[in-house]
Amino acid sequence: MKFLANRKLATRIGIITTAITFTGMILLWFIVSSRISSMVENNATNQMIDAVESRAAIINDYVSSAEEYMSAFALSSEVRNLLMNPEDPALLQEAQRYTEDFAAIKGIFEGLYIATPSTYVLTHISPDAIGITTRTGESLEMFQETILAQPQLTNLGIMESPGTGSMILSMYYPIFDGQTCIGYVGAGVYASHLTDVLLNLDIKGMTHSEYVFLSVENGTYLYHEDESMLNTETTDKGYLEIINRIKSNGSTEAGTYSYRDENGVDQLVVYKYLKDRNWVFMVRDNSAEVYERVTIVRVTVAILCATVAVIIILVTLLILYREGRELMAMERAISRLGKLELSADRDLEPFYGRTDEIGMIAETIHQVCNCLRKTIEDIGRILGEMAAGNIAVDVVKNEDYYIGDFRVLAESLKSIRTHLTDVMCDITHIANQVNSGANQVSAGAQALSLGTMHQKDSMNGLVSNVTDITTQIQNSAVRCGDASNLVDKATGYAAEADTKMEQLITATRNIDESSSQIGSIIKTIEDIAFQTNILALNAAVEAARAGDAGQGFSVVSDEVRNLASKSAEAARDTSTLIGRSLQDVQTGTESTNLAISAMQVINECIQSIKALMDEISLASVQQSEMIVSVENRIKEVSKVIEENSDAAEESAAISNELSDQAKTLNHLISQFRIK
């Protein structure tokens with residue numbers, strides 16, 4: 001619906017009509033084509049079923065007649081007498097003549113003969129076949145166990161004659177004497193009449209049909225256009241499904257079956273079950289070919305519906321075109337009226353007097369235009385006189401022009417004139433008061449301007465003094481910062497001296513430890529000297545005992561003893577010196593510890609001084625910031641005072657101008673007539 005919302009009326013009607021027409025034609029096509037298609041499909045299917053049933057009846061009658069002839073021949077006395085006495089020449093001659101005469105009279109036998117159970121031919125309508133044996137070995141045994149097992153006629157269906165190559169119906173009728181088979185009658189019935197019937201099965205629209213006979217018992221082809229398929233089992237899934245259906249329900253009614261073959265082509269099969277023979281006759285054709293007429297009907301109906309739809313749409317469009325031109329004229333007039341063009345009814349004269357919707361719209365537009373013209377002209381008159389100064393203009397002179405909702409406008413004009421008169425009177429009174437007040441305001445503004453100038457001068461002096469104080473506080477803060485930096489340097493030097501003293505203590509301790517080690521070494525030397533001295537004494541004793549031989553050794557022992565004495569003396573002197581050094585080191589260590597304690601006290605004092613200087617510096621900075629803030633505030637006050645001064649001067653000027661304008665207002669008001 002949004003698609004149609006902004007369309008013109010004729011366009012909407014055209015679109016809706018087209019949509020409804022096409023929808024209706026599509027529904028009509030669907031309904032009609034479905035009904036007709038169903039009728040055509042049923043007709044085609046019924047035609048196929050009728051053809052199949054009629055051909056199946058003809059085929060059944062033909063085969064039944066052949067079987068009756070075969071039974072009549074087999075049950076004749078000539079056949080039984082011969083089989084009872086096959087060696088009797090008279091009976092053999094009589095039976096041969098009877099065989100030839102019977103075949104000639106009926107005219108349907110391609111071959112007719114009498115044979116013994118061993119398949120030895122006794123008589124035959126073809127003299128060349130007399131005396132031959134048709135089966136031997138396993139073929140003979142199977143023949144005897146199946147065909148000759150029961151005294152009933154067996155029809156093997158259509159096959160190719162081994163003698164002439166013609167298509168025949170192969171039939172056998174065994175002759176029994178009690179429970180013993182004494183022989184049989186064999187016949188090959190011409191199948192040409194049967195195939196002619198099938199070939200003449202011309203169903204309209206099914207020129208490519210396939211006709212087949214199948215044995216329901218084993219699914220073998222009894223007839224097929226392709227002779228190579230005869231007596232072979234079918235593999236067509238559609239044929240097999242039909243055989244399964246027949247086996248399950250045994251219905252002899254003609255039926256249909258649709259399926260898709262191995263090539264993917266949809267096939268339609270019409271079949272008829274010949275229950276007496278256990279045969280099924282089928283006609284198969286392409287579903288597309290069978291229902292081709294259905295497609296043609298659908299297309300034809302679609303073309304007709306499309307043609308009707310186009311005609312309806314064209315007629316509708318022609319009518320809409322004629323009516324649309326008039327609607328477009330109304331639309332243009334309404335559009336111009338919407339823009340308040342009061343000449344919008346100029347082109348609508350041809351439509352006046354018409355009683356349809358177009359005429360009513362045209363008359364309405366004309367009335368609206370006339371009403372608007374009169375109303376606007378009267379409003380222009382009233383406003384024009386008011387603009388000329390005539391507040392007392394007559395607003396009820398053309399009151400009848402204001403109809404409908406415009407009556408509110410007439411009342412509004414009356415109210416406007418009344419209120420405007422009252423307002424003008426009030427304005428006159430107020431203008432006089434304003435003139436008087438303006439003179440008073442002007443005098444007060446002059447006094448205010450003078451006082452403001454004095455405030456401005458005083459504030460400028462205050463700002464200058466505060467600026468000097470701020471500069472001094474900032475300089476003090478800078479000096480405090482410098483002092484704090486010097487204290488930081490002193491603290492660094494004290495810390496470095498403290499570090500050096502720690503290193504000195506460590507070195508003194510190392511000397512003390514080394515002196516202790518040297519004392520141990522000296523003690524060891526004294527022990528060695530003592531031992532050496534003892535050894536020297538022992539050597540002297542031994543040298544004395546040795547006499548002259550030991551004199552040289554005695555001299556050596558004396559020297560060793562002397563050296564030992566000197567070593568012991570030197571060790572004692574060294575020990576004495578080391579003892580003194582240890583005392584001096586201990587004294588230096590104590591002095592160093594006292595110096596470190598003093599440096600720590602000095603460092604603590606410096607830290608205290610630094611903290612005080614930092615506090616002073618921070619306080620100076622805060623004072624500087626506070627003074628700067630005060631200075632800024634004073635400057636702001638000075639700026640405000642200056643602005644007040646300018647405003648006072650401007651107010652004085654405006655007061656003078658207001659007084660002049662009040663006089664002008666009184667002059668202008670005197671020009672209006674309010675009575």
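## A loop threonine with positive phi

Thr 119 lies in the loop between β1 (109–115) and β2 (121–124), where helices (H or I, at least four residues) and strands (E, at least two) are DSSP runs numbered from the N terminus. Thr 119 is buried, with a relative accessible area of 0%; buried means under 20% relative accessible area, exposed over 50%, and partly exposed in between, with a 1.4 Å probe and protein chains only. The phi of Thr 119 is positive, about 65°, although the residue is not a glycine. Most residues other than glycine have a negative phi.

## Basis of the values

This is a predicted model, in which local features need pLDDT of at least 70 and side-chain atom pairs count only at pLDDT 80 or more, while totals for chains, interfaces and linings use all residues. Residues are numbered from 1 along each chain as its sequence is written, and side-chain values use heavy atoms, with hydrogens and water left out.

## Salt bridges

The structure holds three salt bridges, a salt bridge being a side-chain nitrogen of Lys or Arg within 4 Å of a carboxyl oxygen of Asp or Glu. In one of them, the side chains of Asp 236 and Arg 284 meet with an N to O distance of 2.5 Å. Asp 236 lies in the loop between β7 and α7 and Arg 284 in strand β10 (residues 279–286), so the pair ties together parts that are 48 residues apart in sequence. Asp 236 counts as buried at 9% relative accessibility, and Arg 284 is also buried, with a relative accessible area of 14%.

Another salt bridge joins the side chains of Glu 241 and Arg 245, at 3.8 Å from N to O. These two residues are four residues apart in helix α7, and are therefore separated by about one helical turn. Glu 241 counts as partly exposed at 31% relative accessibility, and Arg 245 counts as partly exposed at 31% as well. Arg 260 forms a salt bridge with Asp 266, the closest N and O atoms being 2.9 Å apart; here Arg 260 is partly exposed at 48% relative accessibility, and Asp 266 is partly exposed at 35%.

## Surface patches

Glu 160, Glu 225, Asp 226 and Glu 227 form a negative surface patch. Patches are made of residues with over 30% relative accessible area and no salt bridge, like charges being joined within 9 Å and nonpolar side chains (Val, Leu, Ile, Met, Phe, Trp, Tyr) within 5 Å. For the charges, Lys and Arg count as positive and Asp and Glu as negative, while His and the chain ends are not counted; the place of a charge is taken as NZ of Lys, CZ of Arg, CG of Asp or CD of Glu.

A nonpolar surface patch of about 320 Å² is made by Leu 27, Phe 30 and Ile 31, with accessible areas coming from the Shrake-Rupley method with a 1.4 Å probe and, for residues, only the protein chains shown counting as cover. Phe 30 has its place in helix α2 (residues 9–74).

Helix α10 (residues 357–387) has 31 residues and reaches 44 Å from its first C-alpha to its last, close to the 45 Å expected at 1.5 Å a residue; the expected span is 1.5 Å times one less than the number of residues. The buried residues of α10 include Ile 358, Gly 359, Ala 362, Cys 369, Cys 371, Asp 378 and Met 386.

Pro 350 lies in the loop between α9 (292–338) and α10 and counts as exposed at 65% relative accessibility. Pro 350 and Ala 362 are twelve residues apart in sequence, and their C-alpha atoms are 9.1 Å apart in space.

## Contacts across the sequence

Leu 28 is found in helix α2 and counts as partly exposed at 39% relative accessibility. The C-alpha atoms of Leu 28 and Val 301 are separated by 9.1 Å, although the two residues are 273 residues apart along the chain.

Gln 150 has its place in the loop between α5 (137–146) and β3 (154–160), where this residue is partly exposed with a relative accessible area of 48%. Gln 150 and Phe 176 are 26 residues apart in sequence and 8.6 Å apart in space, C-alpha to C-alpha.
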